[in-house]
Amino acid sequence: GLNMAKDLSNVQEMPYIEVVNQGTTWLQILIPSGCNQISVGSETSKIYFGRNNATDGGAVNASYRAFVPAGNIMPVKIGIGNERTDSVFIAASAGTADITIILEEAR
């Protein structure tokens, strides 16, 4: 099916938790302006996390990915000011994975 970005840009109350089922191509996660930390992981699968050189629905490039082992959640701080991104990317390492996304306004 058609890969579509997951738009969480309107989330206002944090922490906010969402679980998405994703295959081995990048899924873009659009994050709200008030979010300054995102955590991602899967209970049962190793997943990949990306930002630079990633595109929604695109192939996962081994040179530009981080990994989260199965049964773990990895927090990532979001940049501020000119360094801020409005999206990150997630993918399953194999098959499909239920990937947990937590948006936080961490202090």
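This is a chat about a predicted model of one protein chain.

Student: What is the chain built from, helices or strands?

Tutor: The protein chain has 9 strands and 0 helices. Read from the N terminus, the elements run β-β-β-β-β-β-β-β-β.

Student: How compact is the protein chain?

Tutor: Its radius of gyration is 13 Å, close to the 13 Å that the globule rule gives for 107 residues, so the chain is as compact as a globular protein of that length. Along the principal axes, the C-alpha atoms fill a box of roughly 35 × 25 × 25 Å.

Student: And how much of the protein chain is buried?

Tutor: Buried residues make up 40% of the 107. The accessible surface comes to about 6100 Å², and carbon and sulfur atoms account for 46% of that surface.

Student: How many charged side chains are there, positive and negative?

Tutor: There are 7 positive and 10 negative side chains. The centres of the two sets lie 8 Å apart.

Student: Which contacts join residues at least 24 apart in sequence, as a share?

Tutor: Among contacts between residues at least 6 apart in sequence, 76% join residues at least 24 apart.

Student: Let's go inside. Which residues have the most contacts in the largest nonpolar core?

Tutor: They are I29, I38, V40, I90, I101 and L103, in a core of 21 residues. The elements that give two or more residues to this core are β3 (27–30), β4 (37–42), β5 (47–50), β8 (87–92) and β9.

Student: Which element gives the most?

Tutor: That is β9, which gives 4 residues to this core.

Student: What does I101 touch?

Tutor: Setting aside residues up to four places away in sequence, I101 touches L8, Y16, I17, E18, V20, I29, I38, S39 and I90. A second, separate core has 6 residues, including W26, Y48, A54 and A91.

Student: Now T100. Where is T100, and is it buried or exposed?

Tutor: T100 lies in strand β9, residues 97–104. T100 counts as buried because its relative accessibility is 18%, and the cut-off for buried is under 20%.

Student: What is around T100?

Tutor: Beyond residues up to four places away in sequence, T100 touches I17, E18, V19, S39, V40, G41 and I73.

Student: And M74, where does that sit?

Tutor: M74 is in strand β7, residues 72–77. At 21% relative accessibility, M74 counts as partly exposed.

Student: What is M74 in contact with?

Tutor: Leaving aside neighbours within four places in sequence, M74 is in contact with I38, S39, V40, F49, A66, F67 and V68. I17 is 57 residues from M74 along the chain, and their C-alpha atoms are separated by 14 Å.

Student: Change of topic: loops. Where is G58, and what does G58 touch?

Tutor: G58 is in the loop between β5 and β6 (66–68). Apart from residues up to four places away in sequence, G58 touches T25 and W26. G58 and W26 are 32 residues apart in sequence, with 5.4 Å between their C-alpha atoms.

Student: Is G58 buried or exposed?

Tutor: G58 is buried, with a relative accessible area of 12%.

Student: What about S63, buried or exposed?

Tutor: S63 is exposed, at a relative accessible area of 61%. S63 lies in the loop between β5 and β6. From S63 to I101 the distance is 23 Å, C-alpha to C-alpha, and the two are 38 residues apart in sequence.

Student: Where is S45?

Tutor: S45 is found in the loop between β4 and β5. S45 is buried, with a relative accessible area of 16%.

Student: What is the phi of N53?

Tutor: N53 has a positive phi of about 65°, although it is not a glycine. N53 lies in the loop between β5 and β6 and is exposed, with a relative accessible area of 54%.

Student: Why point those two out?

Tutor: Because most residues other than glycine have a negative phi, and most peptide bonds are trans.

Note on methods. Residues are numbered from 1 along each chain as its sequence is written. This is a predicted model: local features need pLDDT of at least 70, side-chain atom pairs count only at pLDDT 80 or more; totals for chains, interfaces and linings use all residues. Side-chain values use heavy atoms; hydrogens and water are left out. The radius of gyration is taken over C-alpha atoms; the globule rule is 2.2 Å times the number of residues to the power 0.38. Buried means under 20% relative accessible area, exposed over 50%, partly exposed in between (1.4 Å probe, protein chains only). Contact means heavy atoms within 4.5 Å. Accessible areas come from the Shrake-Rupley method with a 1.4 Å probe; for residues, only the protein chains shown count as cover. Lys and Arg count as positive and Asp and Glu as negative; His and the chain ends are not counted. The place of a charge is taken as NZ of Lys, CZ of Arg, CG of Asp or CD of Glu. A nonpolar core is a set of buried Ala, Val, Leu, Ile, Met, Phe, Trp, Tyr and Cys residues joined through side-chain atoms within 4.5 Å.
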